[in-house]
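Student: I am new to this structure and would like to walk through it with you. Could we look at it together, one question at a time?

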Amino acid sequence: MAENSKDIVRRYVRYLKLERNMSPNTLEAYQRDLEKLLVFLGREDKNVLDVTLEDLQTFAAGLHDIGIGPRSQCRILSGVRSFFHFLMVDGYRDDDPTELLESPVLGEHLPEVLSTAEVDLLEESIDLSKWEGHRNRAIIEVLFSCGLRVTELVTLRLTNLFLDEGFIRIMGKGSKERLVPISPRAIKELGFWFDDRCHMTVKPGEEDYVFLNRRGAHLTRTMILIMIKRQAAEAGIKKTISPHTLRHSFATALLEGGADLRAIQAMLGHESIGTTEIYTHIDTTTLRQEILEHHPRNKNSHK
């Protein structure tokens, strides 16, 4: 890749960081996806300023050929569009070659959801005789009761807990703060964990983190993922779940309980109501199943 292309990419990354206010994780994902395009252009001996729609179509076809799924293709191409939009707005190009670039069509994907009974099963399967038992129950309950992203959970700090008032303060995507109500059940589980936590030796600089590992340092996203998958297996839950499943389950439970979609949007920290509307699809699916099973017109359809 030519030197001036490297300089342009550096400016683009700075733009994402400073003007788009992207979190480190999102920024890393954008850079990783853009790197796929840059590697492709390097092989074709093309500069980013000379890229055509045909080049991008070849690149997109290549993603499919190497086995990247439709959803990941869409994400990568979204990042590519963002990059070329930046090039045009900043005056590097007079045109945007991504304007007619098509993304693969996605089938509607509904995330796995746990019922309240399944969340209870998950928590009840935890061995409380182990030192991390109460911690893991508190993690699951806070994820389910507050609908947090896993990154928000691992960065949760004691100074952001207002348990007497029934709220926690969350630093979400783009460094946007929001206040989220926390349930009495989650507060109770945190209390059990704090009884254990106060006997730990905490690493210097880690004192304010709510959830710690056995060495007294804050947890990572991977640690939470492994714990939840292991616990699901212990509980006999066959669904493929992750920490994000508990966030989906939180939103679905709110919707089914009659909560307004805008309120759910605020609780989840979604910038767009469109992101929240995925949960209306889940609710509709549940409703359809109820109708199929219980409506008299369907009961005798196979006789």
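Student: At what angle do α6 and helix α8 pack?

Tutor: Happy to start there, with a word on the source: this is a predicted model, in which local features need pLDDT of at least 70 and side-chain atom pairs count only at pLDDT 80 or more, while totals for chains, interfaces and linings use all residues. Residues are numbered from 1 along each chain as its sequence is written, and side-chain values use heavy atoms, with hydrogens and water left out. Helices (DSSP runs of H or I, at least four residues) and strands (E, at least two) are numbered from the N terminus. The axes of α6 and α8 (residues 184-197), lines fitted to C-alpha atoms over the stretch in contact, lie 8 Å apart, and the packing angle, on a scale from 0 to 180 degrees between N-to-C directions, is about 155°.

Student: How are α6 and α8 oriented to each other, roughly parallel or roughly antiparallel?

Tutor: Angles under 35 degrees count as roughly parallel, over 145 as roughly antiparallel, 65 to 115 as roughly perpendicular and the rest as oblique. The angle here is about 155°, so α6 and α8 are roughly antiparallel.

Student: Is Ser145 buried or exposed?

Tutor: Ser145 sits in helix α6 (residues 133-146), and beyond its neighbours within four places in sequence it touches Pro181, Ser183, Ala186 and Phe250. Buried means under 20% relative accessible area, exposed over 50%, and partly exposed in between (1.4 Å probe, protein chains only). Ser145 has 15% relative accessibility, so it counts as buried.

Student: In the open sheet, which are the edge strands?

Tutor: The sheet has 3 strands in the order β1-β2-β3, with antiparallel pairing. Two strands pair if DSSP finds at least two bridges between them. The strands that pair on one side only are β1 (161-162) and β3 (177-181).

Student: What is the bridge partner of Met171 in β3?

Tutor: Met171 lies in strand β2, which spans residues 167-171 and is joined to β3 by 5 bridges. Setting aside neighbours within four places in sequence, Met171 is in contact with Glu152, Lys176 and Glu177. Its bridge partner in β3 is Glu177.

Student: Which residue in the hairpin of β2 and β3 takes a positive phi?

Tutor: This hairpin has 5 residues between its strands. The one with a positive phi, near 65°, is Gly174.

Student: Is Asp45, which has a positive phi, buried or exposed?

Tutor: Most residues other than glycine have a negative phi. Asp45 is not a glycine, yet its phi is positive, about 55°. The place of Asp45 is the loop between α2 and α3 (53-65). With 74% relative accessibility, Asp45 counts as exposed.

Definitions and conventions
Contact means heavy atoms within 4.5 Å.
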